Amino acid sequence: MSRYFADRAAKRLVFILGVSAFLILVLIAVFIFREGVPAFQELGFSLFGTKWYPSRDAFGILTMLVGSVVVTLLALALAIPLALGCAIFLAEVAPSRIRQLTRPAVELLVGIPSVVYGLVGLVVLAPLIADISGQGSGSSVLAAGIVLAIMVLPTVTSISEESLRAVPPQYKEAALAMGATQWQTIRCVLLPTARSGIIAAVILGTGRAIGETMAMVMVIGNSPIFPDSIFSPARTLTGNIALEIGHATGTHESALFATGAVLFVLVMLINSIGLVVHRRMAR
Amino acid sequence: MRLSPKLTQRIAWGFIWAAGISAVVILLLIVVYVIARGLPVFGSEFFFSEPKGGISGEGGISSVFVSTIWLIATTMVILIPLGIGAAIYLAEYAPDNWLTRLIRYGVELLAGVPSIVFGLFGFAIFVMALNFSYSILAGALTLACLLLPFLIRSAEEAMKVVPRSYREAALALGATKWQMTKSVVLPAAIPGIITGIILCVGGVVAESACLYVTMGGSAGMPTSFFDGGRSLAVHVFYLAMETNALDKALATGAVLIVLILIINLITRWLAWRFRARMEGKA
């Protein structure tokens with residue numbers, strides 16, 4: 001009866017493998033919080049303060065949280081209009097031949113390594129910004145925002161396009177039949193109907209933006225300070241971890257895990273909201 | 001002043017066309033720029049010598065390329081059984097209950113965890129707790145965790161499009177569920193699964209943050225997966241941040257883009273074949 005034995009064994013095995021992804025998620029949460037707790041015990045709420053000077057035992061994460069949020073907001077402000085335009089273009093406007101060229105291009109944009117975006121930002125964009133602002137190397141919130149905008153563009157575009165396509169064609173036909181122009185149809189019928197999908201696209205793009213690391217380290221300047229203008233350098237939560245984990249010990253190391261915990265919670269929150277909204281759209 | 005519908009239509013169309021075209025132009029500019037600046041550096045010295053370090057970034061990418069191959073191989077050995085097993089469970093075995101919903105939710109959320117958080121996790125568990133130190137193995141284990149949700153998703157997708165009638169025929173012949181899965185569903189789904197695997201290879205090539213904190217970044221030629229190393233993407237970062245050799249960084253970036261392009265074309269071709277096969281037989 002060996003094939004029945006194999007059947008039972010296989011069932012057990014794939015079940016164990018099936019829960020692996022969930023287990024990894026739990027393990028990540030456990031490890032990062034466990035390692036971050038000592039910093040909180042030692043520093044209390046000054047862990048969420050504004051001064052990050054490891055050599056003087058000051059570990060305030062707030063500065064980097066502000067850095068991450070500012071860069072992400074700037075990136076979204078730049079990316080959303082372009083991504084929406086692009087999604088409408090792909091879903092409604094583009095002749096099919098152009099669409100066949102544009103879609104693979106947008107897909108390819110997703111696959112390009114983030115260090116390549118960072119490199120182009122460093123080599124092309126930063127000097128340009130240094131010329132305009134007349135200060136520093138050009139590594140700044142603005143450079144980081146632009147690079148990040150290009151990086152989230154494909155995510156926001158493809159999910160928005162998908163939700164525009166999910167609008168039943170009758171809605172569009174009804175509007176057009178009543179004499180609305182194509183733009184009126186898009187603005188008053190398609191966009192409102194696809195709204196929740198577009199919101200989900202933006203939220204999921206935000207999750208990606210907040211988590212981006214290497215490209216940000218390359219173009220943002222990495223000074224742990226509050227940015228006072230878009231030409232000022234700053235540091236992100238992600239960059240803080242990447243730059244310092246290799247040579248940190250004790251409380252410093254624990255504070256970096258606490259940085260990771262803040263990032264983890266932030267991204268989990270954003271993505272959970274995004275997934276819920278996205279699922280509601282699918283229904 | 002109100003604009004006439006005709007005028008707003010024109011303005012809106014202009015904007016939408018501009019948005020669509022500028023996305024493509026941005027992509028082309030980035031790709032063309034990196035390749036154009038990188039191409040002059042290509043040559044036997046660049047491809048067949050090791051990086052010599054130092055501020056001027058002398059040397060090539062041979063050891064980095066070898067490290068990348070080691071990393072891909074090690075990651076895949078860990079990732080493939082895990083991912084396909086999990087996908088089999090979700091596609092064939094999972095009952096429709098709270099546990100399955102929880103697992104699926106976990107997969108979705110895991111896919112959104114930032115790379116550097118995986119890096120931190122890998123650093124804590126593989127580098128420190130399990131004492132693999134900075135090594136290709138630690139990097140590969142971390143990457144396998146990172147890529148797992150993507151492989152699960154695409155493998156499950158591939159199994160789901162296998163027609164029901166295949167399964168019914170196998171069961172009607174007296175096959176056990178496992179025999180059906182192993183001998184009917186998996187072979188039919190294999191092109192789709194391979195597409196997913198190749199996409200994950202692309203992920204290994206493109207990933208940098210989680211490797212930067214788990215693989216150490218030594219530039220030497222690796223002799224086993226317990227050695228540290230750096231992948232091509234991490235090498236780009238080191239060149240850009242720690243040397244003056246921006247041209248070498250761009251050339252390495254060009255190698256990355258070419259690799260990603262090749263991977264993209266292969267998956268495209270496979271997906272097209274898979275669709276043709278499923279539609280032809282179903």
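# Asking how we know: chains A and B

Mentor: Going along the sequence, chain A runs α-α-β-β-α-α-α-α-α-α-α-α-α-α. That makes twelve helices and two strands. Keep in mind that this is a predicted model.

Trainee: Okay. How much of chain A counts as buried?

Mentor: Of its 283 residues, 55% do. The C-alpha atoms fill a box of roughly 80 × 70 × 30 Å along the principal axes. And if you take contacts in chain A between residues at least 6 apart in sequence, 70% of them join residues at least 24 apart.

Trainee: Let's pick one helix, H2 of chain A. How do you know that its length agrees with what a helix should span?

Mentor: H2(A) covers residues 20–43, which is 24 residues. At 1.5 Å a residue the span should be 34 Å, and the end C-alpha atoms sit 35 Å apart, so the two agree.

Trainee: Where does H2(A) bend, and by how much?

Mentor: At Gly36(A), by about 30°. There is also a proline within four residues after that point, Pro38(A). Just past the end of H2(A), Gly44(A) has a positive phi of about 60°.

Trainee: Which residues of H2(A) are buried?

Mentor: Among them are Ile24(A), Leu25(A), Ile28(A), Phe31(A) and Ile32(A). Gly36(A), where the helix bends, is buried too. In an α-helix there are 3.6 residues a turn, so residues three or four places apart point the same way.

Trainee: Now a charged one. Why is Glu244(A) called buried?

Mentor: Buried means under 20% relative accessible area. Glu244(A) has 8%, so the label applies. This residue lies in helix H11 of chain A, residues 237–244.

Trainee: What makes Glu244(A) and Arg235(A) a salt bridge?

Mentor: The rule wants a side-chain nitrogen of Lys or Arg within 4 Å of a carboxyl oxygen of Asp or Glu. Here the closest N and O atoms are 2.8 Å apart, and the pair passes. The two side chains also make a polar contact, at 2.8 Å. Arg235(A) is buried as well. Leaving out residues up to four places away in sequence, Glu244(A) also touches Trp52(A), Pro54(A), His252(A) and Leu256(A).

Trainee: How many salt bridges does that rule find over all chains?

Mentor: Eleven. Another one is in chain B: Arg167(B) with Glu92(B), the closest N and O atoms being 2.7 Å apart.

Trainee: Why say that this pair ties together parts of chain B that are apart in sequence?

Mentor: Because Arg167(B) lies in helix H7 (residues 164–172) and Glu92(B) in helix H3 (residues 62–93), so the pair joins parts 75 residues apart in sequence. Both partners fall under the cut-off of 20%: Arg167(B) has 15%, so it counts as buried, and Glu92(B), at 9%, is buried too.

Trainee: And Arg164(B) with Glu168(B), what kind of pair is that?

Mentor: A salt bridge again, with the closest N and O atoms 3.1 Å apart. Both residues lie in H7 of chain B, four residues apart, about one turn of the helix. Arg164(B) is exposed, since its 63% is over the 50% mark. Glu168(B) is partly exposed at 43%, a value in between the two cut-offs. Elsewhere, salt bridges with shared partners join Arg104(B), Glu156(B) and Lys160(B) into one network.

Trainee: Why does Thr142(B) count as buried?

Mentor: Its relative accessibility is 0%, so it counts as buried. Thr142(B) lies in helix H6 of chain B, residues 136–160. Beyond its close neighbours in sequence, its contacts include Phe118(B), Gly122(B), Cys210(B) and Thr214(B).

Trainee: Last topic, the interface. How much area is buried between chain B and chain A?

Mentor: About 6,900 Å², with carbon and sulfur atoms giving 83% of it. In chain B, Ile16(B), Leu27(B) and Leu120(B) lose the most area to chain A, together 9% of what that side buries. The contact takes 77 residues from chain B and 78 residues from chain A.

How values were computed:
Residues numbered from 1 in each chain as written. Chains lettered and ligands numbered in written order. Heavy atoms only, no water. Expected span 1.5 Å × (residues − 1). Bend = angle between axes of the 7 residues up to and from the residue. Buried < 20%, exposed > 50% of the residue type's maximum accessible area, 1.4 Å probe, protein only. Contact = heavy atoms within 4.5 Å. Buried area = accessible area lost by both parts, 1.4 Å probe. Polar contact = N/O pair within 3.5 Å; in protein donor to acceptor, adjacent residues only side chain to side chain.
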